[in-house]
Amino acid sequence: MRATSAGAADWRAAPGARPLAGLPRSHIEAQLAAALAARDGCAGAHCIHELWMRGEFAAHIERALEALWSVAAASIPEWLPMRYIDWLPRAYEVALAFRARARGRSNVYLVLLDFADRRRGPYGLYVGASRYAPAQRFDQHKAGIRAAGSVLKRGLEVLTGPTLHLQQVARAEALRLEGALAAALADAGLLVEGGH
């Protein structure tokens with residue numbers, strides 16, 4: 001477990017680092033209850049994320065998300081999704097296999113798409129690369145600025161967590177990663193758009 005000098009979990013850790021991975025479920029549940037009582041969005045997000053990555057029941061994750069968003073919305077890190085996505089652990093596994101070779105000013109990002117009307121739904125992914133921060137680029141898509149049709153029509157939220165390590169990379173590297181990540185996510189069975 002990644003820890004601070006006091007021995008507690010490092011709540012600033014990226015979600016892919018899984019600072020609670022070494023703890024038993026009962027300890028994570030207790031930390032989640034404490035986070036909810038303290039209205040600590042970051043600690044609660046890591047607890048929910050760890051349970052999610054372990055395959056916790058969807059209803060339990062949805063209840064935990066609802067509880068956390070209701071008491072600590074202002075302090076929840078942007079990487080915690082607002083809704084349950086059954087394939088999120090797979091998206092992390094695939095994305096964490098990619099590494100950038102050069103730093104720069106571009107970002108690789110994922111957008112959750114609403115595919116409830118499709119047989120393979122209810123969700124899909126858009127993979128993109130931009131010099132803008134993922135949240136800013138999502139807002140541009142939704143406003144029709146250089147928008148991908150799938151994000152404009154179906155975009156729900158940015159899935160920041162799986163690609164946090166693919167931020168601030170060289171433009172050519174971002175474009176390479178965008179295509180390779182889209183292909184790998186599709187190969188993993190996810191419904192993918194973008195990745196030009």
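**Aromatic pairs and helix packing**

Mentor: Let me begin with two tyrosines: Y109 is buried, and Y126 is buried as well, where buried means under 20% relative accessible area, exposed over 50% and partly exposed in between, with a 1.4 Å probe and protein chains only. Please keep in mind that this is a predicted model, in which local features need pLDDT of at least 70, side-chain atom pairs count only at pLDDT 80 or more, and totals for chains, interfaces and linings use all residues. Residues are numbered from 1 along each chain as its sequence is written, and side-chain values use heavy atoms, with hydrogens and water left out.

Trainee: How many aromatic pairs are there by this rule?
Mentor: The count comes to 2 aromatic pairs, the rule being that rings of Phe, Tyr and Trp (its six-membered ring) pair if their centres lie within 6.5 Å, with planes under 30 degrees apart called stacked, over 60 edge-to-face and the rest tilted. The rings of W52 and Y84 have centres 5.5 Å apart and planes at 20 degrees, so this pair is stacked.

Trainee: Are W52 and Y84 buried or exposed?
Mentor: Both W52 and Y84 are buried. The other pair, Y109 with Y126, is tilted, at 6.2 Å centre to centre and 40 degrees between the planes. Y109 lies in strand β1 (residues 103-114) and Y126 in strand β2 (residues 123-130), so the pair ties together parts that are 17 residues apart in sequence; helices (H or I, at least four residues) and strands (E, at least two) are DSSP runs, numbered from the N terminus.

Trainee: Changing topic, at what angle do α1 and α2 pack?
Mentor: Helix α1 (residues 25-38) and helix α2 (residues 41-53) pack at about 150 degrees with their axes 8 Å apart, the axes being lines fitted to C-alpha atoms, for helices over the stretch in contact, and angles running from 0 to 180 degrees between N-to-C directions. α1 and α2 are therefore roughly antiparallel to each other, since angles under 35 degrees count as roughly parallel, over 145 as roughly antiparallel, 65 to 115 as roughly perpendicular and the rest as oblique.

Trainee: And what about α4 and α7?
Mentor: The axes of α4 and helix α7 (residues 171-187) come within 10 Å and cross at roughly 135 degrees, which makes α4 oblique to α7. A91, V94 and A95 of α4 make the contact with L181, A184 and L185 of α7, contact meaning heavy atoms within 4.5 Å.
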